Amino acid sequence: ASPNFANPYHALATLEHSEGNIKVATTILRLGLKHCPSNHRLHHALGDLYREAKMLDMAEKAYNKGLKCIEMESQASDKRLDWGKSFFYTAMSYLSYDRGEIDQARNWLRKSFEMAGNEMHSQGWLGLAQLEESEKNIDDAREVYTKALNAYERRRGITKSRTSARSKFAREKTAPAKLGDKWMNVYEAWARLEDQHGSYSDANNIYSRAAYAFPKEWKVLVNWARFQSRHHKPDRARTLFELACDIAGSSNATPYRLYAEHEMAAGNYMRARSILFLGSQSLSEASDGSLKNDEFARLYHSWAICEWHLGNLERTEVLFDHSLRLTDSALGSESRSLILYSVSRFLFYSRGDYILSQHCISLSLAEDSMLNYKSDLWLLWSNVAREMSNVELSEQCLNRAMELPSLSQGDSSVFTTGVQNNKMNYMLRRAPWQYKIGASNPDGSVSWYTRILFPDS
């Protein structure tokens with residue numbers, strides 16, 4: 001590419017930033033600005049790096065330079081480019097918040113979507129609502145969400161009533177969601193708020209609106225199904241999971257896996273096995289090669305656990321083997337590390353093969369250091385060592401386990417020891433107040449694993 005073309009610099013710097021290579025990302029962005037000094041996206045990305053490093057004054061300068069670049073480009077092209085300003089205003093709100101200027105942060109967020117033609121800036125609406133929630137202003141947050149979704153649904157022509165009696169006519173007049181539409185995040189954030197601070201009915205209504213607005217998004221239905229499951233409505237959850245699987249088809253393994261785990265949690269292992277078989281069959285027939293191997297590996301892992309519950313130990317071993325073969329063979333695979341830990345548990349509790357179980361524990365630690373900071377693996381190793389009459393090693397492992405949290409205590413405690421997870425540290429577009437409201441990705445890091453109930457538990 002031409003050195004005067006800004007996109008490669010931005011893409012590469014974003015990749016390096018997401019992997020935690022801050023110095024490299026900064027070097028790339030400065031090189032990009034040397035060749036493309038008027039590109040506002042490069043200034044924005046550099047400002048994000050400065051903000052993450054707590055160099056707030058330099059971040060502000062970078063953002064202001066980006067805003068000036070937009071003004072200059074708009075004047076030169078005689079076109080309105082105000083849409084780009086909204087992202088800078090949102091970033092400026094983060095700076096104000098970092099400085100303790102809460103009211104100023106609110107002003108920047110309002111400015112991001114109150115500009116003429118920028119009403120659809122979902123990040124601004126979502127940021128303001130979550131800021132109010134983080135400050136315990138629940139009614140104010142609810143008001144922001146109400147105005148935001150009313151504006152969005154009005155823009156798309158989504159009618160107020162969404163019952164099946166007139167849904168066909170309404171759908172014909174509704175504009176389809178754009179590719180990469182971020183407004184789904186606003187619906188889900190509001191539903192989460194109502195689930196925590198409102199009522200079942202209010203949250204259920206928001207999920208219903210989201211499903212109507214995004215009829216082809218299986219993730220909305222999966223989240224809605226899990227919401228129903230938490231509120232002890234298994235039949236409603238089952239219906240929504242089935243719809244999610246129908247929409248996903250052969251494109252994604254996650255709906256099948258989560259549906260099966262829902263049935264496994266209720267003790268319906270035969271039904272769960274049928275779901276996992278259907279998912280595996282559908283995904284195996286996919287011919288475009290777009291399916292991520294980790295998704296498939298996790299499905300086979302859940303299937304192995306299901307067969308373990310049913311007492312089919314030979315089948316369990318085969319499925320664990322399939323799961324391992326589908327994970328990334330390079331060292332550092334989190335999924336592979338967790339699957340090896342499962343295999344070790346299986347070998348210890350169901351096969352009594354202590355030597356091979358200990359070998360799998362060692363392989364799990366070699367794959368990913370995360371389990372080194374969780375008590376589960378060390379407790380297992382302590383039990384294995386005790387059965388092998390290695391009392392000293394058993395006590396050492398037990399003492400280590402007593403110092404650590406378990407996997408079930410969530411992902412946040414994994415990194416308290418200083419171990420770095422680059423993707424979790426990726427702060428390019430994460431609002432600084434999100435930690436107050438727990439607005440994290442429910443499927444992030446090891447949460448897919450912690451939902452599983454083992455036969456030996």
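## Starting at Lys173

You can find Lys173 in helix H9, which covers residues 167-173.

Which residues does Lys173 touch, once those up to four places away in sequence are set aside? The partners are Arg156 and Gly157. Gly157 lies 16 residues from Lys173 along the chain, and the C-alpha atoms of these two are separated by 6.5 Å.

## The model as a whole

Please keep in mind that this is a predicted model. The mean pLDDT of the protein is 87, and 88% of the residues reach 70 or more. Residues 411-428 have a pLDDT below 50, and this stretch has 34 contacts in the model beyond near neighbours in sequence. Where pLDDT is low, the predicted coordinates should not be read in detail.

The secondary structure comes to 23 helices and 0 strands. The protein has 457 residues, and 50% of them count as buried. Its accessible surface is about 22700 Å², with 51% belonging to carbon and sulfur atoms. If you take the contacts between residues at least 6 apart in sequence, 61% of them join residues at least 24 apart.

## Aromatic pairs

A pair of aromatic rings is described by the distance of the centres and the angle of the planes. How many aromatic pairs does a search of the whole structure find? The search finds 24. One of them is formed by Tyr152 and Tyr187, an edge-to-face pair with 6.1 Å from centre to centre and 75° between the planes. This pair links distant parts of the chain: Tyr152 belongs to helix H8 (residues 138-156) and Tyr187 to helix H10 (residues 183-197), 35 residues apart. Tyr152 and Tyr187 are both buried.

Trp308 and Phe454 make another pair, and here the ring centres are 6.1 Å apart with the planes at 75°. That angle is over 60 degrees, so the pair is edge-to-face. Trp308 sits in helix H16 (residues 293-309), while Phe454 is in the segment after helix H23 (447-450), so this pair links distant parts of the chain, 146 residues apart. Trp308 and Phe454 are buried. Both also belong to one aromatic cluster, together with Phe320, Tyr341, Phe346 and Tyr449.

## Ser406 in its loop

Is Ser406 buried or exposed? It counts as buried, because its relative accessibility of 15% is under 20%. Ser406 is placed in the loop between helix H21 (391-402) and helix H22 (434-437). Apart from neighbours within four places in sequence, Ser406 is in contact with Lys374, Ser375 and Asp376.

## Cysteines

A disulfide is a covalent bond between the sulfur atoms of two cysteines. With the rule that the two sulfur atoms must lie within 2.5 Å, the count comes to 0 disulfides.

Cys360 has 7% relative accessibility and counts as buried. Cys397, at 2%, also counts as buried.

Technical notes
Residues numbered from 1 in each chain as written. Predicted model: local features only at pLDDT ≥ 70, side-chain atom pairs only at ≥ 80, totals over all residues. Heavy atoms only, no water. Helix = DSSP H or I, 4+ residues; strand = E, 2+ residues; numbered from the N terminus. Contact = heavy atoms within 4.5 Å. Phe/Tyr/Trp six-rings, centres within 6.5 Å; stacked < 30°, edge-to-face > 60°. Buried < 20%, exposed > 50% of the residue type's maximum accessible area, 1.4 Å probe, protein only. pLDDT = per-residue confidence, 0-100. Areas by Shrake-Rupley, 256 points an atom, 1.4 Å probe, with all protein chains shown as cover.
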